[in-house]
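Work through the exercises below with the structure open. Try each task before reading its solution.

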Amino acid sequence: MLKDNKWRNPAAIVECEWLFNRLGDESIRIFDCTTYLHYTDDHPSKPYDVESGLSDYKKNSILGAAFIDIQNALSDQDSIYSLTLPNFQGLGESVKRLGIGDPYHVILYAKNGMQWATRVWYLLYSLGYENVSILNGGFNEWCKLNFPIEPGGKTFAPAEFDLKIKESKFVDKNDVLEAIDDNNTIIINSLTEDIHLGQSRRYGRPGRIPRSINIPFHTLVDRETGKFKQPKDAYAIFASHGVTLNKEVINYCGGGIAATLDAFILYQLGFDLFSVYDNSMSEWAMDEGLPIETG
């Protein structure tokens, strides 16, 4: 629960100044998580094409940062949906190969929105690795402060940690279907309002999961600074929608990315009963057997 207007785990969000003062600290491992989605109307069964941010990383990155290719390294390559959660054991081995593990403090950032950093944070959280922080404001804030950058090319030696898998942090369409009629569960759509209201066909059938409320992920980020909103302001947003600590909360979006930003903030506000519907509207809207509502 939010206490004294402070995050549950203040160390899970670090400022650029904090990181700048620790450059060269070998106990810290920095990762660029940038991924681009190119939306298209050509194939509604696949609402966007995914592009790794690797080429941009190679042009410039935070000094000493390595790169995480979310689609190719941390997603199920056999899924018909983009960026799907792989099996937990395989995911664990993948992140260890990237150099994530004890005793390293992992710092995550992206160039195009903190939802990519929260996606990786959420994957690591589901594996039980919690020595992880998100760089507040990401690469844009780092550059705004004129802190050092370099062409990316860093890799880290593999690391180890004991998996403590939290399977309940991800749910599937059947769980969501049951939750629609459960008054003890709140379903949050993290997408923009136009999609929530059914004014866009980005995911095929327009609309939202029935009974879901809309808390767009970008409303939890300050428009001017690109940083997370202050705890009291974020709490007020959820509270205004009736999201309380005694409720189960399922977060969804288009493909399980933006929803992790809402989930991260819920965690930071002291919520424990939260999860993410991974394939989200990419799956739900294309399944004619699943209910949908608009307006």
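The model is predicted.

**Exercise 1. A cis peptide bond**

Task: Find where P103 sits, and state which form the peptide bond from D102 to P103 takes.

Solution. 
- Start with the place. P103 lies in the loop between α4 and β7 (105-109).
- Then read omega. For the bond from D102 to P103 omega is near 0 degrees.
- The bond is cis.

**Exercise 2. α5 against α10**

Task: Describe how helix α5 and helix α10 pack.

Solution. 
- Locate the pair. α5 covers residues 115-127, and α10 covers residues 258-268.
- Take the geometry. The angle is about 65 degrees, and the axes are 8 Å apart.
- Classify the angle. Angles of 65 to 115 degrees count as roughly perpendicular, so α5 is roughly perpendicular to α10.
- The crossing of α5 past α10 is left-handed.
- List the contact. α5 supplies Q115, T118, R119, W121, Y122 and Y125. α10 supplies A258, T260, L261, A263, F264 and Y267.
- Sort the residues of this α5–α10 contact. Eight are nonpolar, three are polar and one is charged.

**Exercise 3. α4 against α5**

Task: Repeat the packing analysis for helix α4 and α5.

Solution. 
- Locate α4. This helix covers residues 88-97.
- Take the geometry. α4 and α5 meet at about 115 degrees, with their axes 10 Å apart.
- Classify the angle. α4 is therefore roughly perpendicular to α5.
- α4 and α5 cross in a left-handed way.
- List the contact. From α4 come F88, L91, G92 and V95. From α5 come L123, L124, S126 and L127.
- Sort the residues of the α4–α5 contact. Six are nonpolar, two are polar and none is charged.

**Exercise 4. A residue within α5**

Task: Is A117 buried or exposed, and which residues does A117 contact beyond four places in sequence?

Solution. 
- A117 is in helix α5.
- Read the accessibility. A117 has a relative accessible area of 1%, so A117 is buried.
- Name the contacts. Leaving aside neighbours within four places in sequence, A117 is in contact with C33, L108, Y109 and I134.
- K164 is 47 residues from A117 along the chain, and their C-alpha atoms are 21 Å apart.

**Exercise 5. Cysteines**

Solution. 
- Set the cut-off. A disulfide needs two cysteine sulfur atoms within 2.5 Å.
- Take the distance. The closest cysteine sulfur to that of C16 is in C143, 8.9 Å away, which is too far for a bond.
- C143 is in no disulfide, and its nearest cysteine sulfur is that of C16.
- The structure holds zero disulfides.
- Compare accessibility. C16 is buried at 1%, whereas C143 is partly exposed at 30%.

**Exercise 6. A contact across the chain**

Task: Which residues does F20 touch beyond four places in sequence?

Solution. 
- F20 is in helix α1 (residues 16-20).
- Read the accessibility. F20 is partly exposed, with a relative accessible area of 35%.
- Name the contacts. Not counting residues up to four places away in sequence, F20 touches W142, F147 and P148.
- F20 and P148 are 128 residues apart along the chain, yet their C-alpha atoms are separated by 8.4 Å.

How values were computed: Residues are numbered from 1 along each chain as its sequence is written. This is a predicted model: local features need pLDDT of at least 70, side-chain atom pairs count only at pLDDT 80 or more; totals for chains, interfaces and linings use all residues. Side-chain values use heavy atoms; hydrogens and water are left out. Axes are lines fitted to C-alpha atoms, for helices over the stretch in contact, and angles run from 0 to 180 degrees between N-to-C directions. Helices (H or I, at least four residues) and strands (E, at least two) are DSSP runs, numbered from the N terminus. Angles under 35 degrees count as roughly parallel, over 145 as roughly antiparallel, 65 to 115 as roughly perpendicular and the rest as oblique. A crossing is left-handed if the near helix is turned anticlockwise from the far one by less than a right angle, and right-handed if clockwise. Contact means heavy atoms within 4.5 Å. Ala, Val, Leu, Ile, Met, Phe, Trp, Tyr, Cys and Pro count as nonpolar, Asp, Glu, Lys and Arg as charged, and the others, Gly among them, as polar. Buried means under 20% relative accessible area, exposed over 50%, partly exposed in between (1.4 Å probe, protein chains only).
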